[in-house]
Amino acid sequence: MCKSKKRYFRGFVNGAGFTRYINFGCRLWRHDHTDGRSCITGFTLIELLVVISIIGILATIILASLNNARNSARIVKARAEVSQIRKAIAFLENDANEWPGHKTIDDVQTGVSGNEMWDLTVPEAGLAVTDGSFQNWDGPYMNTIPLDPWGNPYFFDTDYDIDLTAGEEWAAVVGSFGPNGDGQNVYDEDNVWETLKVE
Ligand SMILES: [Ca+2]
Ligand SMILES: [Ca+2]
Ligand SMILES: [Ca+2]
């Protein structure tokens with residue numbers, strides 16, 4: 001235990017100057033031979049536990065909000081990149097009259113398998129590179145196709161169920177599997193996508 005620091009407080013009351021000591025938060029006093037009494041400072045165990053709990057709660061809140069902010073920023077980035085890829089597909093469509101994977105333009109499938117591209121960096125996608133089979137290909141329509149902000153490839157699906165309820169509404173979309181990384185024909189809520197054509 002140590003002596004508390006005494007702090008001087010100077011002020012004026014009705015024009016008369018005064019000086020006095022203020023001891024902040026002193027709970028225990030002891031007498032000593034220098035100035036009569038001094039403050040014994042320190043915290044009780046309960047006080048320390050309360051302070052530690054409050055710090056813990058604050059840290060949890062701050063970490064959670066940082067995490068939310070980071071995820072929101074990633075979703076914004078994914079939307080921007082999906083939009084960019086969609087525009088690239090429109091340029092490919094304009095030149096080659098085909099969609100990535102040599103899919104027929106505007107041909108929305110209805111729940112059959114095998115019409116998806118899970119990786120748009122491949123030559124058959126015709127966006128950054130071509131497999132040589134796209135007529136009038138005049139790309140690259142994007143220099144590189146990035147991974148989404150969660151490290152997964154963007155996809156192109158011509159039978160994507162855009163109805164998030166139990167019902168079905170098929171569309172051709174370009175998208176990201178979203179934060180949970182699931183999405184190969186899962187059509188879950190956290191996916192980020194843009195529609196090229198609805199059935
Ligand atoms: Ca599909
Ligand atoms: Ca559905
Ligand atoms: Ca997902």
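1. The protein chain has 1 helix and 8 strands. Here helices (H or I, at least four residues) and strands (E, at least two) are DSSP runs, numbered from the N terminus. Along the sequence the pattern is β-β-β-β-α-β-β-β-β.

2. Keep in mind that this is a predicted model: local features need pLDDT of at least 70, side-chain atom pairs count only at pLDDT 80 or more, and totals for chains, interfaces and linings use all residues. Residues are numbered from 1 along each chain as its sequence is written, while chains are lettered from A and ligands numbered from 1 in the order in which they are written.

3. On confidence, pLDDT (the predictor's confidence in each residue, from 0 to 100) averages 87 for the protein chain, with 79% of the residues at 70 or above. Residues 1–13 fall below 50, and that stretch has 21 contacts in the model beyond near neighbours in sequence. A contact means two C-beta atoms, placed from the backbone, within 7 Å. Residues 18–22 also stay under 50.

4. To count as paired, two strands need at least two DSSP bridges between them. β5 joins β6 (residues 155–161) over 2 antiparallel bridges, and Met117 has Phe156 of β6 as its bridge partner.
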